[in-house]
Structure formats: structure tokens, C-alpha cells
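Please go through the points in order and find each residue as you reach it.

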Amino acid sequence: MLLYQQLASQLRTQIAQGSLRAGERMPSIRQLAHSHGVSIATAVQACLQLEREGLTQARPRSGYFVRAITPPVPAVRPSRRRTPGTVSNPMLQDVLDMLARSDLLPLHSATPSPTLLPQSALTASLSRCLRRMPSAALDYAPPQGHLALRRLIAQRYAQVGVTVSPDEIIITAGAMEAISLALRTLTQPGDVVLVESPTYHGILQAVADLKLKVLEVPNLPDRGIDVARLELLLRQHQVRAAVLVPNFNNPLGSVTPDQAKQALLKSCARHKTIVIEDDIYGELAWSGQRPSPLRRWDRHGSVITCGSYSKILAPGLRVGWLVGSDWTDALLRTKYFSTVGSASLPQLALAEYLERHDLQRHLRQLCRALADNAQRMHEAIARHWPSSTRACTPQGGLSLWLQLPGMNAKTLFDAALREGIGTSPGMLFSSRGEYADCLRLSCGLPWSEALDRALRRLGQLADRA
């Protein structure tokens with residue numbers, strides 16, 4: 001046995017026996033070399049071997065850490081809903097009350113912490129716009145949005161192989177307004193809309209407010225949207241629109257593979273179902289390899305893509321967009337008679353920021369931070385939560401989806417609020433209040449002692465819920 005293999009074997013034994021525990025920092029390379037009387041190169045080889053085996057993980061500028069044992073994936077439970085129905089979500093007011101509180105550790109909020117975003121650069125861009133073009137910054141924006149920003153959005157799509165014209169882009173107040181405008185343009189009360197299960201509760205609420213009926217297609221942790229089930233539902237029901245999140249679905253974090261995306265689009269085109277694509281998390285691939293939006297394979301003008309800067313640059317500026325395809329003119333009329341146009345200053349400031357700064361560089365830093373934080377949260381959950389806990393292991397986005405068989409997520413939600421911790425119970429993410437033993441946590445907060453304590457306390461509460 002080679003020397004580095006001997007060292008790796010010793011460290012492997014220490015991990016197995018618990019001398020080196022999940023989430024703990026390994027001795028540094030220099031410490032290993034000194035304590036075991038080997039060279040730096042041998043210590044490095046031993047650590048690389050353990051990393052290949054999945055026992056350790058390297059963190060930038062921090063060294064090697066013992067990787068937590070990955071909990072089982074949450075059980076797949078296709079919705080019991082077989083026919084279109086209405087949305088019933090009795091916990092909505094609880095969510096609104098929670099969002100109004102500023103005293104909570106916001107594990108309920110699927111947004112990145114302001115400390116992970118370019119606050120100073122964006123502040124400078126806002127100031128420059130006010131100084132240099134005060135009239136434009138404080139005046140009404142064109143209903144479609146400022147052309148400079150629309151061109152930059154189109155350029156960004158081109159960088160990922162998607163052809164988009166600035167003329168089919170409409171600036172909105174975040175992605176939720178984009179989704180709502182699309183639904184209002186395409187549907188009438190009583191129409192059937194297809195959504196994923198589980199899916200973001202804001203989408204369900206938008207459907208409910210427009211008095212639409214909903215069908216749920218399963219989203220699976222390991223392979224995204226269940227395309228076979230989608231095809232079956234489209235055969236059985238006349239579905240006007242499908243609101244889908246193929247890239248890092250909220251709350252599962254799953255990605256629908258490219259082949260399945262193409263099959264999905266063919267099914268929707270065949271049944272004349274318009275796809276409203278929520279691609280708000282598409283840029284948050286922790287590996288740096290952005291998955292393609294559905295728009296890339298749209299050959300029938302049947303995809304309306306919604307995006308936003310809220311999850312990658314500035315939630316509070318509320319700048320999102322629609323890529324309207326053949327529906328652009330109709331969407332623009334809906335936008336005009338809704339809000340006339342979105343605020344000018346945020347649009348101009350974001351355009352100024354994007355012209356001056358390297359967005360890709362910022363995304364690399366943000367995604368590294370999110371990936372690191374998600375791993376630390378998984379490690380803390382493995383240490384402190386009940387052994388029956390199941391957890392999705394996403395490769396992007398801002399959400400961690402957990403299942404604790406036998407737990408009541410509403411009970412845990414209430415108990416956590418009393419402790420000053422916000423969570424999102426699983427019932428929020430279903431039109432029928434399913435997933436009562438699941439919850440979603442945000443991985444958008446930088447790792448800290450306070451976050452570690454909160455996860456430890458949640459584990460104790462979960463044991464009683």
C-alpha cells in the first residue's frame with residue numbers, strides 16, 4: 001500500500017469511528033504532514049483520495065471538511081388530485097404575517113442575503129443615474145421598459161444559446177408580475193392551468209386570484225417534471241396554460257433534463273397548451289453550468305419565459321421581465337392597463353450596473369457561497385435532526401426541501417416562530433395542502449453561529465412536532 005493510501009486509510013477509520021465528525025474541519029495539509037511524518041504531497045494525495053470517495057469536501061480558502069452522510073431523498077408522492085380543482089390554502093395569512101416581521105431569522109425567504117449581493121456597486125449605479133439623468137430616472141418608463149435594459153437581457157440569453165429579440169421583452173415588477181400578466185392575458189375564469197406539485201405558493205395564489213382551476217403534475221426530486229404524467233393529463237383535460245419551473249424548481253431544487261424539456265414542449269404544442277416558464281432560478285447553478293431555459297427549444301411560439309434580477313442582484317428593486325414570443329403585443333396591452341409601466345430608476349440603474357460590471361463573475365461568487373452554505377446546512381441537519389429526516393440535494397437555486405415522516409409541519413412552523421425562526425411548511429406548496437410532513441428552508445443566508453444554533457433548535461423542535 002502506498003504511503004498516501006495508508007494515511008487515507010487512517011483518516012477513513014477516524015471518520016468511521018466518529019473521531020472526525022460530519023461537518024468538522026479536517027486537520028490542515030501541513031498538520032497532517034507534520035503529525036504523520038509524511039510530505040506535503042503525500043498529505044494532499046490522501047485528502048484528494050478521501051474527496052474522491054465522497055468522505056470529505058474541499059471548501060475554498062477553508063481546507064477540507066468531513067462530508068455529512070446524505071439523508072435519503074424525500075418520498076415521491078404524486079398528488080391525489082386527478083381532476084381540475086380550485087386552490088385551497090388556509091395558511092396564506094400566516095405567510096403574509098410572517099413576511100411582515102423583521103425579527104425572524106429568515107429561513108422562510110428564498111432570496112439571497114444582501115451580504116451576498118453587490119450592494120455598493122448597485123448603490124453607486126443608482127446614484128449615478130440620479131445625478132446624470134434625473135429626468136429620465138424620475139419620469140414614467142415606456143410601458144415595455146427601457147430599451148437599454150431589454151437589450152442587455154437579450155444579450156444574456158444569447159450567451160446561453162437562446163435567441164431573443166429586445167422587442168419581445170417586457171419589463172415587469174419582478175417575476176410574479178410577469179407570471180400574473182401572462183395568466184391574465186391567456187386565461188379566463190374557469191380555465192384549467194397545469195402546475196407542478198410541489199410548486200411555489202405564489203404561483204398557486206396567482207391561479208386562485210384569477211379563479212382558474214388547477215391540475216398538478218408531479219415534480220420529482222431526481223428528474224424534475226414528470227413528462228409522462230404531463231402528457232396523460234393533457235390528453236384527459238383541456239389545459240389552457242402550464243406554469244412550469246424546469247430549472248431548480250422551488251421548493252425541490254430539481255432540474256428537468258434537456259431531453260425531457262423537449263418532450264414536454266412537444267406535448268404542450270400538440271395539445272395547444274401555452275407554457276409559462278418561470279426561469280427565475282436558472283442562473284443559480286452551483287456548478288456554474290446554467291441549464292437551458294425551455295425557450296431554447298420552442299419552435300411553435302408557445303413559450304412565455306419569465307425572469308427576474310431579484311434572486312441574483314437586488315430583490316428590492318423589483319425588476320423582472322417577460323419574453324413574450326407571439327404573445328408580446330397582447331401582454332404589453334395587459335401591462336399597460338395594469339401599471340402603465342415599471343419604475344424607471346431601477347431599470348436604468350441595473351442597465352448601468354450590467355454595462356460596468358462582470359455579471360458572470362458575481363454569479364460565480366454567489367453560487368459558490370450558496371453551494372457551500374447548502375452543504376453546511378445538510379451537515380447540521382444530519383447532526384441535529386431526527387434520524388428519519390429526508391432531504392433533497394439540489395445542485396442550484398435557493399431552497400432545501402426536507403421531509404420528516406410523522407411530523408406536523410404546521411406545528412413546527414408555529415413552534416419555530418415562537419423561537420424567532422421563519423420556516424415554510426410543505427402544505428404551502430400544494431393546491432390541496434398536501435406535504436404536511438415537509439418543509440422548505442432557504443440556503444440564501446451566509447453560514448454563521450446564529451444559523452447553526454437555529455438549525456440545532458429546529459432539530460429539537462422537529463423531534464417533538
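This is a predicted model: local features need pLDDT of at least 70, side-chain atom pairs count only at pLDDT 80 or more; totals for chains, interfaces and linings use all residues.

1. Start at Val193, which stands opposite Ala241 in β7.

2. Strand β8, residues 274-278, pairs with β7 in the parallel sense, over 4 bridges.

3. What covers the faces of β7, and which residues lie on each side? Strand β7 spans residues 241-244, and both of its faces are covered. Ala241 and Val243 lie on one side. Ala242 and Leu244 lie on the other. All four are buried.

4. Follow β4 to its end. The peptide bond from Ser197 to Pro198 is cis, with omega near 0°. Pro198 sits in the loop between β4 and α9, the helix of residues 201-209.

5. Lys211 lies in the loop between α9 and β5 (213-220). Its phi is positive, about 60°, although Lys211 is not a glycine. Is Lys211 buried or exposed? Lys211 counts as exposed because its relative accessibility is 60%, and the cut-off for exposed is over 50%.

6. Ser325 also has a positive phi without being a glycine; the value is near 55°. Ser325 lies in the loop between β10 (320-323) and α12 (328-339). Ser325 has a relative accessible area of 15%, so it is buried. Which residues does Ser325 touch, once neighbours within four places in sequence are set aside? They are Glu168, Arg295, Asp298, Gly301 and Val303.

7. Helix α12 also holds Phe337. Phe337 is exposed because its relative accessible area is 68%. Phe337 belongs to a nonpolar patch on the surface, together with Tyr140, Tyr336 and Val340. The accessible area of these four residues together is about 520 Å².

8. Strand β12, residues 399-403, is joined to β11 by 2 bridges. Arg390 stands opposite Gln403 in β12.

9. What lies across this sheet?

10. How many salt bridges does the structure hold? The total is 18. One of them joins the side chains of Glu231 and Arg270, at 3.1 Å from N to O. This pair links distant parts of the chain, 39 residues apart: Glu231 is in helix α10 (residues 227-236) and Arg270 is in helix α11 (residues 258-270). Glu231 is buried because its relative accessible area is 12%. Arg270 has 51% relative accessibility, so it counts as exposed.

11. Arg356 and Glu352 form a salt bridge, with their closest N and O atoms 2.5 Å apart. Both residues lie in helix α13 (residues 344-356), 4 residues apart, or about one turn of the helix. Arg356 is partly exposed because its relative accessible area is 46%. Glu352 has a relative accessible area of 15%, so it is buried.

12. Two further salt-bridge items remain. Glu434 and Arg432 form a salt bridge, with their closest N and O atoms 3.7 Å apart. Glu434 counts as buried because its relative accessibility is 8%. Arg432, at 41%, counts as partly exposed. Last, a network of salt bridges links Arg156, Asp279, Glu283 and Arg290.

Terms used
Residues are numbered from 1 along each chain as its sequence is written. Side-chain values use heavy atoms; hydrogens and water are left out. Buried means under 20% relative accessible area, exposed over 50%, partly exposed in between (1.4 Å probe, protein chains only). Contact means heavy atoms within 4.5 Å. Two strands pair if DSSP finds at least two bridges between them. Patches are made of residues with over 30% relative accessible area and no salt bridge: like charges are joined within 9 Å, nonpolar side chains (Val, Leu, Ile, Met, Phe, Trp, Tyr) within 5 Å. Accessible areas come from the Shrake-Rupley method with a 1.4 Å probe; for residues, only the protein chains shown count as cover.
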